[in-house]
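Here are some exercises to work through with the model open beside you. Try each task before reading its solution.

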Amino acid sequence: MKRKLFAATLCASMVAGMIVAPVAVKAESKGLIGVAMPTQDLQRWNQDGENMKKELEAKGYEVDLQYAGNDVATQVAQVENMIANGDQLLVIASIEGDSLGTVLAQAKEANIPVIAYDRLIMNTDAVSYYATFDNYLVGKTQGQFLVDALDLDNQDGPFNIEFVTGDPGDNNVNFFFGGAMDVLQPYIDAGKLVVPSGQMTKEEVATANWATETAQARFENILSSFYADGTNLDAVLASNDSTALGVENALDANYTGEYPIITGQDCDIANMPNIINGKQAMSVFKDTRTLASKVVEMVDAIMQGGEAPVNDTETYDNGTGVIPSYLCEPVAVTVDNYKEMLVDSGYYTEDQLK
């Protein structure tokens, strides 16, 4: 559906019963794009937001970039202001998948396309597209890494494993944890993997806001309750780097056994020394530059009156139907390939990782 671009001289718009003057758009601008990110507390969201802003501006768009401090009410207010201010397309990485239905109804009424970014926005028909990494493959990659590292196809075990995943309101957790468990469950059923804590459901292993401190506190309890007698911990399935860091902090303070194999995701700078030094075995790398570039391509196609490129029209149902999606492919990073994947590619400098 072709959309007319707002000009700087556009008359005041009627939004939610109030007359609100739109943000002035430079005469040479191709349009005003709202980008709503969940928080600046995690490194990856800073990179996502800044990468997208830079590329959109290079394409000739003005960008309204907002961070919500992991506060749902703040993000709702920011999106509402974007709609009122005349933003012509919204890119939103939601804090909670179910929290934006009411405000996005306003976007739909104003004919504003919405791209859900990395986290699927649930239970609203206002979402036009979804852009993310193949999150089920992220989980499968983590799970398969543990299978290979423990040589589960050839060893009887049993090996002790614990699970730490992310925020229960983040729809991606279903894919991260689901993908990993699809790989690992057969080995649990066969008795090769054992979970001493017994905590195996998504609800039991969730970490609110993906917070390092929350993961650390929970894991300290696990260690004191189930490993203080000298029981060895062989592996930890951590869904991302912030939770993995919490696990590692807890282990450093409360564990004297052989260090476990620990997974992660995002290749955060805080975790890279642990990967380089062998404390964390791997992290799934999702090059946010790739995702940002694809979203900019999607934005440009929509703003020019076309349809956004997608490569998945079956997987991601947000409760109102399947959302056309573009999935980027993640890769595993270890001490053996981090220079190639992160330094040689220009994602980090060597000095940043020291």
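**Exercise 1.** Find how helix 1 (residues 43–58) and helix 10 (residues 288–303) cross, and which residues make the contact.

*Solution.* 
Step 1: The axes of helix 1 and helix 10 come within 9 Å and cross at roughly 40 degrees. Axes here are lines fitted to C-alpha atoms, for helices over the stretch in contact, with angles running from 0 to 180 degrees between N-to-C directions. Helices (H or I, at least four residues) and strands (E, at least two) are DSSP runs numbered from the N terminus.

Step 2: That angle makes helix 1 oblique to helix 10, since under 35 degrees counts as roughly parallel, over 145 as roughly antiparallel, 65 to 115 as roughly perpendicular and the rest as oblique.

Step 3: The crossing of helix 1 with helix 10 is right-handed; that is, the near helix is turned clockwise from the far one by less than a right angle.

Step 4: Helix 1 brings Arg44, Gln47, Asp48, Asn51, Met52, Glu55 and Leu56 to the contact, while helix 10 brings Thr288, Arg289, Leu291, Ala292, Ser293, Val295, Val296 and Val299. Contact means heavy atoms within 4.5 Å.

Step 5: Sorted by class, this contact has 7 nonpolar, 4 polar and 4 charged residues. Ala, Val, Leu, Ile, Met, Phe, Trp, Tyr, Cys and Pro count as nonpolar, Asp, Glu, Lys and Arg as charged, and the others, Gly among them, as polar.

A note before you go on: this is a predicted model, where local features need pLDDT of at least 70 and side-chain atom pairs count only at pLDDT 80 or more, while totals for chains, interfaces and linings use all residues. Residues are numbered from 1 along each chain as its sequence is written, and side-chain values use heavy atoms, leaving out hydrogens and water.

**Exercise 2.** Work out the strand order of the open sheet and what packs on the sheet.

*Solution.* 
Step 1: The 6 strands follow the order 4-3-5-6-7-13, with parallel pairing. Two strands pair if DSSP finds at least two bridges between them.

Step 2: From one strand to the next, the twist averages 15 degrees.

Step 3: Helix 2 (residues 72–84) packs on the sheet and touches strand 3 (32–37), strand 4 and strand 5; its direction makes about 175 degrees with that of strand 3.

Step 4: Strand 3 and strand 4 are joined by 6 bridges, and valine 35 has leucine 65 of strand 4 as its bridge partner. Strand 5 (residues 89–92) pairs with strand 6 (residues 114–117) over 3 bridges, among them leucine 90 with valine 114 and valine 91 with isoleucine 115.

**Exercise 3.** Are the two faces of strand 3 and of strand 6 buried or exposed?

*Solution.* 
Step 1: Buried means under 20% relative accessible area, exposed over 50%, and partly exposed in between (1.4 Å probe, protein chains only).

Step 2: On strand 3, Leu32, Gly34 and Ala36 on one side and Ile33, Val35 and Met37 on the other are all buried. With 6 of its 6 residues buried, strand 3 is therefore largely enclosed by the rest of the structure.

Step 3: On strand 6, Val114 and Ala116 point one way, Ile115 and Tyr117 the other, and all are buried.

**Exercise 4.** Which peptide bond is cis, and where does its proline lie?

*Solution.* 
Step 1: The bond from glycine 157 to proline 158 is cis, with omega near 0 degrees.

Step 2: Proline 158 lies in the loop between helix 4 (135–150) and strand 8 (159–164).
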